[in-house]
Amino acid sequence: MKVLLIDSNHSILQSGLEKLGCVCEEDYTSTKPQIEEKISGYQGIVIRSRFNIDQQFLDKASNLKFIARVGAGLESIDVDYAEKKGIQLISAPEGNSNAVGEHALGMILALFNNLKKADLEIRQGKWLREANRGIEMEGKTVGIIGYGNMGKAFAKKLKGFDVEVICYDIKEGVGDENCRQVTLEDLQEKTDVLSLHTPFNKLSHHMVNNQFITNFKKPFYLINTARGSAVVTDDLVEALISKKILGACLDVLEYEKLSFENLFENDSFPEAFDYLIHAENVLLSPHIAGWTVESKVKLAQTIVDKVDALFFLKEKTSGF
């Protein structure tokens, strides 16, 4: 099986595929049209997010057996069209779920304890104890929307904090020993801290808007390590100003499809983004929740294992 790697990944991905018997070729620089010209010569392709795999690309990929994305989501792929063509779609949410869970927990603890603010003040010679009095997780209700790999990992990390953990998911029966599944109405009634772990789809797009926020009975804190498009930033800022949302931990932003380099170079920030970067009750990180030394290895190995299970395991067992 001939496999094209169009994004760089941990070396164990290529070496693992080659041990299975794949012939791997790298192309990290060609344009999408250039890769379309040669994709018919490959049975597999490994991607991250360099470009979208659309119908035009898939029509050119006449011999493709699988598309593997080294990440959690498949939003860069025309999933329906690929499946119609009988192409196996592989992703690796198991590979970085622990990293996301730890990052979400780290962000809310940092926000609750004013760690960023206090650190910056001390560096400026300010020793302000009362102004940095924190709050505790204990006794609060953490609501999770989207209880898949990422949501489950976050709930697991919350064990030992003496919090109630509840979740809402469109799938039934996903609750477990770490989290009780409830209706969306129940979640909006009880939640003190809301954490988003939804995939990118029509249901999650702009899910957190004015009406959604208004439906919460209590003011709450928001964590988003999922997709920036899930939150309407203008509505988030309005809720922060009105204190309906008490603080926000954002690893992803609605503006990510824009060039952040240009935003910073031109000082041309959207008004809502300008508010976020100056707000003391907002913590930001650059889409790195699943981006750890360990997850880079796990993501790569997960892809290798899934390719093995789909295409090579039967050959091995039948050989005995």
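This is a predicted model: local features need pLDDT of at least 70, side-chain atom pairs count only at pLDDT 80 or more; totals for chains, interfaces and linings use all residues.

Residues are numbered from 1 along each chain as its sequence is written, and side-chain values use heavy atoms, with hydrogens and water left out.

**Stop one: the sheet**

Start with the open sheet of five strands, ordered β2-β1-β3-β4-β5 with parallel pairing. Strands (E, at least two residues) and helices (H or I, at least four) are DSSP runs numbered from the N terminus, and two strands pair if DSSP finds at least two bridges between them. Colour β2 (23-26) and β5 (88-90): these stand at the edges with a single partner strand each, so one side of each has no neighbour in the sheet.

Now select residues 2-5, strand β1, which runs parallel to β2 and is joined to it by four bridges. Leu-4 has Glu-25 in β2 as its bridge partner.

**Stop two: the cores**

Next, show Leu-194, Leu-196, Leu-222 and Leu-236, the residues with the most contacts inside the largest nonpolar core, which has 30 residues. Such a core is a set of buried Ala, Val, Leu, Ile, Met, Phe, Trp, Tyr and Cys residues joined through side-chain atoms within 4.5 Å; buried means under 20% relative accessible area, exposed over 50%, and partly exposed in between (1.4 Å probe, protein chains only). Helix α10 gives the largest share of this core, four residues. Apart from it lies another core, of 24 residues, including Phe-154 and Leu-283.

**Stop three: charged pairs**

How many salt bridges does a search of the whole structure find? The count is 13, each being a side-chain nitrogen of Lys or Arg within 4 Å of a carboxyl oxygen of Asp or Glu.

Pick Asp-119 and Arg-123, whose closest N and O atoms are 2.6 Å apart. The two are four residues apart in helix α6 (residues 115-123), so about one helical turn separates them. Finish at Lys-152 and Asp-176, a salt bridge at 3.8 Å, N to O. This pair links distant parts of the chain: Lys-152 sits in helix α7 (residues 149-157) and Asp-176 in the loop between β7 (164-168) and β8 (180-181).
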